[in-house]
Amino acid sequence: MLIHLGLLLGCLVSQAGPAGDLSQSLAQPVVPARQTLAEVQDSIEARLPPPPTAATADEWIAKARKYREDTFAKVIFRGEAARWREVPTRAEWLGQIEGGPGYTIRKLRFEVIPGFWIPALLYEPSVLSGKVPVVLNVNGHDANGKAADYKQIRCINLAKKGILALNLEWLGMGQLGGKANDHGLINGIDLCGTSGIALHYLSMSRGLDILLGLEHADPARVGVTGLSGGGWQTIYISSLDERVSLSNPVAGYSSFRTRIRHFSDLGDSEQTASELATVVDYDHLTAMRAPRPTLLTYNAKDNCCFAAPHALPPLLAAAGPIFRLFDRPGNLRSHINTDPGTHNYELDNRTAFYQMVSDQWSNTAQVFNPQEIPSKTEVKTPEQLAVELPADNLSIAKVAQKLAEKEPRYSRDSPEARAASDISAERLARLRSLVKPVVGELRAEPIKESSVGETKVAAWKLKVGDSWSVPVVEFSRGEPKSTTILIADEGRSSLAKRVEALLETGQRVLAVDLYGFGESTLPSHGYLFALTLGAVGERPLGVTSGELIAVAQWVAKRDGRASTVEASGPRTSSIALVASALDDKAIAALVLRRPLGSLKELIETQQPYSTHPELFAFGLLEWFDLKTIAGLVAPRTIRLEEASERAVRELTPR
């Protein structure tokens, strides 16, 4: 018994050794709880465009035209997407199936971009004469996709009422489901300098092309409607494409200003396109519907997102005055669903849509009854509604991979090129413009001093400009010979053993949690806030690399010498490379543990934005890969540890 107790005591003493003691210091909070969250909210809010305003209808028409032009040029059609836009819409009709009394269902597929086909269904009235309205029906994040029963019932009813209804599949849903069409992969397209959001936009605009190409389509009566992500699609296409005369987004969006305070509304990659909020917010998109008929439908107790009490009032307040400029206040309507009141496009919401159709599109030749025609027995199975697609059909992942096959504009420097200061300066300027590192005066606030045996411990809060706080824990013994700054994908609390090892070699060690890591991780929705930073024109990579540069500059100024930066993990290793390229004075050398060998690895392994949010900076891979950035760090030392063969091959200086 005594022997066993002695062994136990020995284990306890071992666990309470230096690294164990340092773990406690590393784990102690440095900044107030939720401070990082407050800072990112404030940073985003300060960059949002002011609400839409105009003194006259003519002034608003001019503003709306400029908003559309800028959204197309600066958000949707950048890079290869500008060429995709010019490709004519191509559709293939693949027969029809029995629908029900008064309508048939025609199957078709069409190309969003060359080689990427979308399945669709046209619900066509059995008897057609003259010109009739057309409705584009989009769907949200529903695994059933175009086969969702509530969507089928709506399309059936429209056809029975004499309206042509096109039921589109959505990327990532139904027949287009699976990892390869995950919406978070459009950021891989962004990384290559092409707008991934163009795939979503073109799928809708080409759907309108097909509808309006039908013999009986009335170009003056064109509608779009959908639930949730379909509600987002509805306002997006309805605001930017002036062919849409009637719009009914259902529980699909709120303004960015609303979203950053109501986390349930924070949108995925498709809703939060890079640079979107440098041009418009969603209240602008709503106002851009004026004076065309628009019904905003929200649910009173929405259990998903965009609940009526917080999402709807700001949109009405922003768009209402614009509709009044055109003397059409009644063309902006709202409907709040209370039965069931949760996230739905069920009977009450469908009836509100039919009523809007009846009020706006009925004429002497056609009168549309707003009551729903019972049609549940006519709902088809997904197999019945399946549309044949090519075996080699593209996906979001394949589109990104094809773009990534092209070498970045800056490939690895030759020694001669590295020596050319004008080339280096040009590339550094380009890198800075892509990364957008945060800059600002750094203020250092001491938080706490303590000791662990012979180790002095000092906690610091470093403030970069007015926006970003960086928690730092500093360790030293005696008179340090040099300084190492440690960052890690797992946060500073994972670094106790490494801190102890460096202290043993006479190093001063600063363990740092950059934005999005360790103590600076948001309590929730972290990657969605990162997306929103991109939407307002910032870059998470710019925040983190700028913070690291600021810490290194503070150390250099205080201690009179540059530091080594040591990073553990693919995310922080890439951040360290970028920071070192942008500052050759304060960072003397790099140690990279488990680094990526190439940004292309993110695309090759189909990593969604959520896994590496800092690394999907728009256009970075169009110009640079990590090896090119490593070339800008040379001739300073880059030491690799636990690195893949690819990382060794690509990042080792030649």
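Ser563 stands opposite Ile587 in strand 16. Ser563 opens strand 15 (residues 563-568), and 6 bridges join strand 15 to strand 16. The two strands run parallel. Strands here are DSSP runs of E with at least two residues, helices are runs of H or I with at least four residues, and both are numbered from the N terminus. Two strands pair if DSSP finds at least two bridges between them.

This is a predicted model, in which local features need pLDDT of at least 70 and side-chain atom pairs count only at pLDDT 80 or more, while totals for chains, interfaces and linings use all residues. Residues are numbered from 1 along each chain as its sequence is written, and side-chain values use heavy atoms, with hydrogens and water left out.

Stay with strand 16. Strand 15, helix 21 (residues 570-582) and strand 16 make a right-handed β-α-β unit. Right-handed means that, with the strands pointing away from the viewer, the path from the first strand over the helix to the second runs clockwise. Strand 16 also pairs with strand 17 (residues 637-641), in parallel, through 5 bridges. Within that pairing, Arg593 has Glu641 of strand 17 as its bridge partner. Strand 16 (residues 587-593) is mostly covered, with 6 of its 7 residues buried. Buried means under 20% relative accessible area, exposed means over 50%, and partly exposed lies in between (1.4 Å probe, protein chains only).

Now turn to strand 3 (residues 116-125). How many of the residues of strand 3 are buried? The count is 10 of the 10, so strand 3 is largely enclosed by the rest of the structure. Phe116, Ile118, Ala120, Leu122 and Glu124 point one way from the strand. Trp117, Pro119, Leu121, Tyr123 and Pro125 point the other way. In strand 5, Ala165 is the bridge partner of Tyr123.

Aromatic rings come next. A pair of aromatic rings is described by the distance of the centres and the angle of the planes. Rings of Phe, Tyr and Trp (its six-membered ring) pair if their centres lie within 6.5 Å; planes under 30 degrees apart count as stacked, over 60 as edge-to-face and the rest as tilted. A search of the whole structure finds 18 aromatic pairs. Why does the pair of Tyr103 and Tyr123 count as stacked? The ring centres of Tyr103 and Tyr123 are 6.3 Å apart and the planes lie at 25°, so the pair is stacked. Tyr103 sits in strand 2 (residues 103-113) and Tyr123 in strand 3, 20 residues apart. Tyr103 is buried at 1% relative accessible area, and Tyr123 is buried at 0%.

Tyr410 and Phe624 meet at another angle: their centres are 5.1 Å apart and their planes stand at 70°, so this pair is edge-to-face. Tyr410 lies in the loop between helix 15 (396-404) and helix 16 (415-419), and Phe624 in the loop between helix 23 (620-623) and helix 24 (626-633), so the pair ties together parts 214 residues apart in sequence. Tyr410 is buried at 6% relative accessibility. Phe624 is buried too, at 0%. Elsewhere, Phe72, Phe77, Trp170, Tyr201, Trp232 and Tyr236 form one aromatic cluster.

Some rings carry a charge over the face. The criterion is NZ of Lys or CZ of Arg within 6 Å of the ring centre and within 35 degrees of the ring normal. Arg109 lies over the face of Trp117, 5.3 Å from the ring centre. The charged end of Arg409 sits over the ring of Trp623, 4.2 Å from its centre.

Finally, the core. A nonpolar core is a set of buried Ala, Val, Leu, Ile, Met, Phe, Trp, Tyr and Cys residues joined through side-chain atoms within 4.5 Å. The largest has 161 residues, and Ile76, Tyr236, Phe529, Leu577 and Leu620 have the most contacts inside it. Apart from that core lies another of 29 residues, among them Leu121, Tyr123, Tyr150 and Tyr354.
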